[in-house]
Amino acid sequence: MKTLILNGPNLNLLGKREPEIYGSQTFEEYFTELQFKFTDIELGYFQSNIEGEIINKLHAVQEEGFDAIVLNAGAYTHTSIGIGDAVAGIATPVVEVHISNVMDREDFRHVSYISKHAAGVISGFGLKGYDLAVESFK
């Protein structure tokens with residue numbers, strides 16, 4: 001099994017940005033923990049603050065041999081019809097993840113252009129949501 005974790009804008013700032021919401025651990029630190037936890041799964045990681053790069057990566061996952069995608073599109077979740085269409089247009093299953101409980105935040109975060117096309121949505125469990133998403137593909 002080969003699973004891609006795909007993070008969107010501002011997730012490169014984890015550990016620094018709003019630690020009261022997102023925690024104090026960097027994603028790189030957390031990704032290392034995931035690799036030790038899921039030794040039976042080949043985990044890949046890609047992060048971009050650029051919408052088109054995220055869409056291009058979604059288009060490339062099948063060619064790159066990924067069987068599953070854990071996608072935290074960050075704020076693009078609520079604004080990008082293009083990312084939603086890219087998820088709809090690929091055969092690789094996607095689980096949408098959010099570190100915070102988006103339903104307990106601003107109203108604009110209650111809308112997702114990805115959820116309709118995702119196999120599932122995990123929200124509000126902190127970084128543990130990535131564990132749950134990876135586990136869901138086993």
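**Entry 1. Terms and model**

I take buried to mean under 20% relative accessible area, exposed over 50%, and partly exposed in between, with a 1.4 Å probe and protein chains only. I note that this is a predicted model, in which local features need pLDDT of at least 70 and side-chain atom pairs count only at pLDDT 80 or more, while totals for chains, interfaces and linings use all residues. I number residues from 1 along each chain as its sequence is written, and side-chain values use heavy atoms, with hydrogens and water left out.

**Entry 2. The chain as a whole**

I looked up the secondary structure and found five helices and five strands in the chain. Helices (H or I, at least four residues) and strands (E, at least two) are DSSP runs, numbered from the N terminus. Along the sequence I read the pattern β-α-α-β-α-β-α-β-β-α. The chain is as compact as a globular protein of its length, because its radius of gyration is 14 Å, close to the 14 Å that the globule rule gives for 138 residues. That radius is taken over C-alpha atoms, and the rule is 2.2 Å times the number of residues to the power 0.38. I recorded a box of roughly 35 × 35 × 25 Å for the C-alpha atoms, taken along the principal axes. Of the 138 residues, 46% count as buried. For contacts (heavy atoms within 4.5 Å), I noted that residues 24 or more positions apart account for 78% of those with a separation of 6 or more.

**Entry 3. Helix H5**

I turned to helix H5, residues 128-136, where Gly-129, Tyr-130, Asp-131, Ala-133 and Val-134 are buried. These buried residues pack against helix H2 (27-37) and the strands E1 (2-7), E2 (42-47), E3 (68-72), E4 (94-98) and E5 (120-123).

**Entry 4. Nonpolar cores**

I define a nonpolar core as a set of buried Ala, Val, Leu, Ile, Met, Phe, Trp, Tyr and Cys residues joined through side-chain atoms within 4.5 Å. The largest has 22 residues, of which Phe-27, Val-70 and Tyr-130 touch the most other members. H2, E3, E4 and H5 each supply at least two residues of this core, and H2 gives the largest share, four residues. Apart from this core lies another, of 18 residues, among them Leu-6, Phe-66, Ala-73 and Tyr-76. I then listed the contacts of Val-70 beyond four places in sequence, including Leu-4, Ile-5, Val-95, Val-97, Tyr-130 and Phe-137.

**Entry 5. Single residues**

I found Lys-57 in helix H3, residues 51-60. Lys-57 counts as buried because its relative accessible area is 17%. Residues up to four places away aside, Lys-57 touches Leu-4, Leu-6, Phe-46 and Glu-64.

I located Thr-92 in the loop between helix H4 (81-88) and E4. With a relative accessible area of 8%, Thr-92 is buried. Its contacts, not counting residues up to four places away in sequence, are Val-61, Gln-62, Phe-66, Asp-67, Ala-68 and Ile-69.

I placed Ile-21 in helix H1, residues 19-22. Ile-21 is partly exposed because its relative accessibility is 31%. Ile-21 touches Ile-99, Ser-100 and Arg-105, not counting residues up to four places away in sequence. Between the C-alpha atoms of Ile-21 and Phe-137 I noted 27 Å, with 116 residues separating them in sequence.

I found Tyr-113 in the loop between E4 and E5. Tyr-113 is partly exposed, with a relative accessible area of 34%.
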